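Work through the exercises below with the structure at hand. Each one is followed by a worked solution.

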Amino acid sequence: MRTPARSLVAAALSAALLGGGLAACGSDDDTASATGDQQNSQGSEGTSGGTTTAALTAQGTGNPFADAITAAGHMPMTAKALAGGIATATKMKGSAESPAAELRAGLTHLLTEHVYLAGMAVATAYHAGADSPEFKLAAEAVDDNSQRVAKAIGSVAPDEEEGFLTRWRSHVTDFVNYAVAAKTKDEAGKKKAVANLGAYAKSSGTFFAKISGGTMKAADVESAFNEHIGMLAVAVDAFAAGETKAYKLLKSAAGHMPMMAEYLADGVDKATKGEGDPNDEASTLRANLTDYLTSHVYLAGVAVFTAYTAGADSAAFTAAAAALDSNSKDISKAVGSIAGKDKGDAFYDSWSKHVSDFVDYAVAAAGSDQAKMDSALANLNAYRSSAGAFFETITNGTIPSSAVEEELKMHIETVAGVIDSLKAALVK
């Protein structure tokens, strides 16, 4: 599974990244390709024990970054369904389906995704070169996310959407410039990028204070953005230096975004006198599940990317797998906080096995071993039934097993599609 990495030539990297930047990537057509056109081949449907058991078929386009967006994009729907069922079963305060809950969960997904896509783009540039087809696809995915963040802002401040997108793209380009400087040990370049990012944080404070009518304080927003900038910069430094702690740092940087989403959603909700409460128990559960499940998809993608570029026996892959396992523990603790520690532990055992099955699928895909790929998919198909039964039990039937199985069908097929596309792009 080990593939030789192309050397990173500083001049080419600077020309490709500084000349066009990520801001130039991603037309409307690119955005459309990044969100859909999945293969439509589906397995046959059958029944077993009264529940749906569909044969699974990997759904990929050949573009691993677009496929990651598709796979992760399904997670907010899963989080909404689970949070709604759990909230009803446990008589949790608030609503997981209010407009306020929708706003907080949506921002949580988009901002968390922003960090992971940025990290994957940097890793791709460092591995394949900024002039490579692989990096172009990664850059388009980052810009796809930028456009969706801007649309979310435009939904509450329509006149500000275009200007916000321009500024947001500019801060993404500044991160790219920082990554270039970090890799080439250009301290002056790093300082310039940090200064630009600091100015962006300040202007963001002014922007959000304006659109919220002062509900959000400029200094608070500026501080939140500066924390985001600092955490992601530290992760980029670690990737540039080839340090294994980069994966943990990337997860930490992404883990800061739900707090930012919570603050922004609360400010917008108060300013617009929106329906519901983004901070009630049910809204919080939905936002947390959105964070954890979105991170699960991207951390799985990062782990497979690392296995295909550094080798499955590398220290880098061990670190990437540890970050993925940390996410599994996050999800299990969330389940345990509602269903009890014993059930949380049982969920962790089962969830970890499904993660291992994805790894098995990735290893088999790298070797073009169709029989082992089919075996891994069969194991994942079996996991759907056990997970469905688990959630039906802990919610006393509020969440039917069949509904969970259907959600997991899409999840498994799209993540398998990401793996297939990563293999096509990276394993030569």
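**Exercise 1.** Identify the residues through which helix 11 and helix 13 meet, and describe how the two helices cross.

Solution. In this predicted model, the helix 11 side consists of Leu-293, His-296, Val-304 and Tyr-308. These meet Trp-351, His-354, Val-355, Ala-362, Ala-365 and Ala-366 in helix 13. Next, take the axes: those of helix 11 (residues 281-310) and helix 13 come within 11 Å and cross at roughly 35°. The handedness of this crossing is right-handed.

**Exercise 2.** Determine how helix 13 is oriented relative to helix 14, and list residues from each side of the contact.

Solution. Start from the axes of helix 13 and helix 14, which come within 9 Å and cross at roughly 160°. An angle over 145 degrees counts as roughly antiparallel, so helix 13 is roughly antiparallel to helix 14. Helix 13 passes helix 14 in a left-handed crossing. Finally, read off the contact: helix 13 contributes residues including Lys-343, Phe-347, Trp-351, His-354, Phe-358 and Tyr-361.

**Exercise 3.** Classify the aromatic pair of Phe-347 and Phe-390, and state which helices it ties together.

Solution. A search of the whole structure finds 13 aromatic pairs. For Phe-347 and Phe-390, the ring centres are 5.6 Å apart and the planes stand at 40°. Planes under 30 degrees apart count as stacked and those over 60 as edge-to-face, so this pair is tilted. Phe-347 lies in helix 13 (residues 341-366) and Phe-390 in helix 14 (residues 370-394), so the pair ties together parts that are 43 residues apart in sequence. Then check accessibility, where under 20% counts as buried. Phe-347 has a relative accessible area of 5% and is therefore buried. Phe-390, at 18%, also counts as buried.

Notes. Residues numbered from 1 in each chain as written. Predicted model: local features only at pLDDT ≥ 70, side-chain atom pairs only at ≥ 80, totals over all residues. Heavy atoms only, no water. Phe/Tyr/Trp six-rings, centres within 6.5 Å; stacked < 30°, edge-to-face > 60°. Helix = DSSP H or I, 4+ residues; strand = E, 2+ residues; numbered from the N terminus. Buried < 20%, exposed > 50% of the residue type's maximum accessible area, 1.4 Å probe, protein only. Axes fitted to C-alpha atoms, helices over the stretch in contact; angles between N-to-C directions. Parallel < 35°, antiparallel > 145°, perpendicular 65-115°, else oblique. Left-handed = near helix turned anticlockwise from the far one by under 90°. Contact = heavy atoms within 4.5 Å.
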